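Work through the exercises below with the structure open beside the text. Try each task before reading its solution.

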Amino acid sequence: MKMISSEKTFFPRFALELLKFCIFAFAYYLPLILGAAELSATDHRAQALLDQALSLPLIQIEIIRAGAIHLALISVYYCALLHVANRISIWLRVSSIIPQLSLLTLGWFVAATANRMFFPHSDYAYSFSYLGEPSIVVALTSILATSVALAVTQTVTRNNSKRLVLLCGMLLGIPAVATLTGLSTFSEGTDKTSERNVIIVGIDSLSGPTFESHKQLMPNLTRLIDRGTYFTQAYTPIGRTFPAWTSVLTGSLPAEHGALFNLRNLKHVNKTTLLTRALQKQGYQTTFAIDERRFANIDESFSFDHVVGPKAGALDFVLQGINDTPLTNLILQIPLARMALPFSYINTASHINYDASGFVDQTLSTISDNSKFFLAAHFESAHYPFKSRHTLKTVEHSNTFLARHLSALTSVDTQVAQLMRGLSTRGHLNDALIIVMSDHGEGFGGVEMETTRNGAPLSVTGYGHGTNLLSEDQNRIVLALIQFQNGKTITVPEQRNDLVSLTDLKELIERYVASGAIDGIPKRECMITETGLRFAAASNYKTLNPVELAAESASYYEIGNDGRMQLRETELAPLVHAKDIALRCTDRITQFVAFDDRYYAYALSGDGSLVEKTPPQTDIDKIDAYRSQLFSVSQASAFMD
């Protein structure tokens, strides 16, 4: 009879506790629910792609895991608040209802206020923006801290050691784990290698013209570059991250290595000539670090021993908004999040909670003190939408997109300084080559110059990258070489105006590794450049709508069995047909414009202006030959699939 009675009292109590937790969780997630309702996309193409992703068991498991992490975080926070409330009710000798209601409400307000203060770009509880005032944060936190102190005092007074341990565990467990995981990240060795380490510092979307005009905003990067050889006429072969980096690693053009567009299926990329494969055979440890992988799925198959960055996959496009809550934003600042929230950890696509310092720490942690190494680190914070919570200065400019880009670059500049400081203190610059480069530039809608096309006036302008081959802002990149010995630079500072491509870096690195010389860049007369995938919805940043862009692009992509989004090979041929191809030379640019299906040529004057001229037949022949290569690659892959 006693057992039946206890069961009768247990289940109603359990149901009541569960109901209270559900109400608290609903209130906590209500801002996300409302935000998701406003942004819900109805386009059938985007919905079909989403349905394909959700049908994969791998994606389903990841979603369940992410949900479990959210449930664990909110449960720990709720239980801690509830325990404090119950202790206070005993101390005050009042019903637990009032303390529980007060503490749970206070707990939400403390989470929301702290979130607004430390994560100012967060969309969580955006309508409560006033909560981010420091005075409100301090006041509410003080009240909660006082409540916790009273709860601890009451627990100690009653000599209830088990409950005290439980309370402290809930309140201090996560910070303790964070500290331990942070301490275990690095292991200082004593026997440093000094065998020609190679470090590439990549900066996304930084054009040569932008860097040269705003050096004062990037003092660390400027000091580094000014100590070496800077190339004033360096260009990307294609203004897209994945193909550009593949060109760096293979020393070849997209038609040769197969990475024709971002997110092309990796099995169609030719990796036989990888620089990293050759370096591994020579005993080099190889690391690739990138803090945004949605459009560049470079992984260990590119002969990298370590890949640092968020987990690559379709969920990278889905989970960033869901992970914008006070508790997830907090947990993403510690190394533990690499296992708990892998799609958002050190991910600039999740700019709200991106841990800039943590990305550099994770990168440095992969480098062994006892092995020569090749490190390629790519920083993405300056990429569109040009948002970073780590900016050191808010730049004012009539062009708001350029202003945001420049502001974001100040945070990248700090990361470069942190990386260089870490390499230096660990002795990795005793014998090393630093290559500073950007994968492409960025256009911000301004008119760069005026020229003609077929005799009619033409303004060279545009937004983004990989869209206009006449644009210096989109195609001219930053490239500098700095050689170190015994921790100090030995390169004679100079500027060179040789025409240089990212494809030249592989040969340069191979020569340096073999002999220690850095004079391996050939003097070229011309180079091929090409456009990437272009969407109408992204042609103007002022009118860019993420929902419209997702709808336009969805039909070009599919979800692979590995859970990653990839370009449909059946769409490759028409996309290649739409590419503009140019032959950029020291004195001219000859360009095939796919939309017009004809050639144009321009003489390059001393001041950088373009003067229309008759396209030389030799240039046309070279462009036609390259286009034939591109068509062969696209048709072969479509036949294979």
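**Exercise 1. A salt bridge between a strand and a helix**

With which residue does Arg588 form a salt bridge, and how far apart are the closest N and O atoms?

Solution. Start with the setting: the model is predicted, so local features need pLDDT of at least 70 and side-chain atom pairs count only at pLDDT 80 or more, while totals for chains, interfaces and linings use all residues. Residues are numbered from 1 along each chain as its sequence is written, and side-chain values use heavy atoms, with hydrogens and water left out.

Step 1. Recall the criterion: a salt bridge is a side-chain nitrogen of Lys or Arg within 4 Å of a carboxyl oxygen of Asp or Glu. The partner of Arg588 is Asp619, and the closest N and O atoms are 2.7 Å apart.

Step 2. Helices (H or I, at least four residues) and strands (E, at least two) are DSSP runs, numbered from the N terminus.

Step 3. Check the burial. Buried means under 20% relative accessible area, exposed means over 50%, and partly exposed is in between (1.4 Å probe, protein chains only). Arg588 has 17% relative accessibility and therefore counts as buried. Asp619, with a relative accessible area of 0%, is buried.

Step 4. Look for a network. Salt bridges that share partners join Glu212, Glu472, Arg476 and Arg584 into one network. Arg476 is buried at a relative accessible area of 8%, and Glu472 is buried at 19%. A search of the whole structure finds 21 salt bridges.

**Exercise 2. Helix H3**

What span should helix H3 have at 1.5 Å a residue, and how far apart are its end C-alpha atoms?

Solution. Step 1. The expected span of a helix is 1.5 Å times one less than its number of residues. Helix H3 (residues 57–92) has 36 residues and should therefore span 52 Å.

Step 1. Compare with the model: the end C-alpha atoms of H3 are 52 Å apart, which agrees. Just after H3, Arg93 takes a positive phi of about 60°.

Step 2. Find a salt bridge inside the helix. Glu62 forms one with Arg65, and their closest N and O atoms are 3.1 Å apart. Glu62 and Arg65 are three residues apart in helix H3, so about one helical turn separates them. An α-helix has 3.6 residues a turn, so residues three or four places apart point the same way.

Step 3. Compare the burial of the two partners. Glu62 is buried, with a relative accessible area of 10%, whereas Arg65 is partly exposed at 30%.

**Exercise 3. Aromatic pairs**

How are the ring planes of Phe24 and Tyr77 arranged: stacked, edge-to-face or tilted?

Solution. Step 1. Rings of Phe, Tyr and Trp (its six-membered ring) pair if their centres lie within 6.5 Å; planes under 30 degrees apart count as stacked, over 60 as edge-to-face and the rest as tilted. The whole structure holds 21 aromatic pairs.

Step 1. The ring centres of Phe24 and Tyr77 are 6.5 Å apart and the planes are at 40°, so this pair is tilted.

Step 2. Phe24 lies in helix H1 (residues 2–39) and Tyr77 in helix H3, so the pair ties together parts that are 53 residues apart in sequence. Phe24 counts as buried at 6% relative accessibility, and Tyr77 is buried with a relative accessible area of 18%.

Step 3. Take another pair. Tyr463 and Tyr541 are also tilted, at 5.2 Å centre to centre and 55° between the planes. Tyr463 is in strand E10 (residues 463–464), and Tyr541 is in the loop between strand E14 (526–530) and helix H19 (546–554), 78 residues apart. Both Tyr463 and Tyr541 are buried.

Step 4. Tyr463 and Tyr541 belong to one aromatic cluster with Tyr384, Phe386, Phe401 and Phe444.
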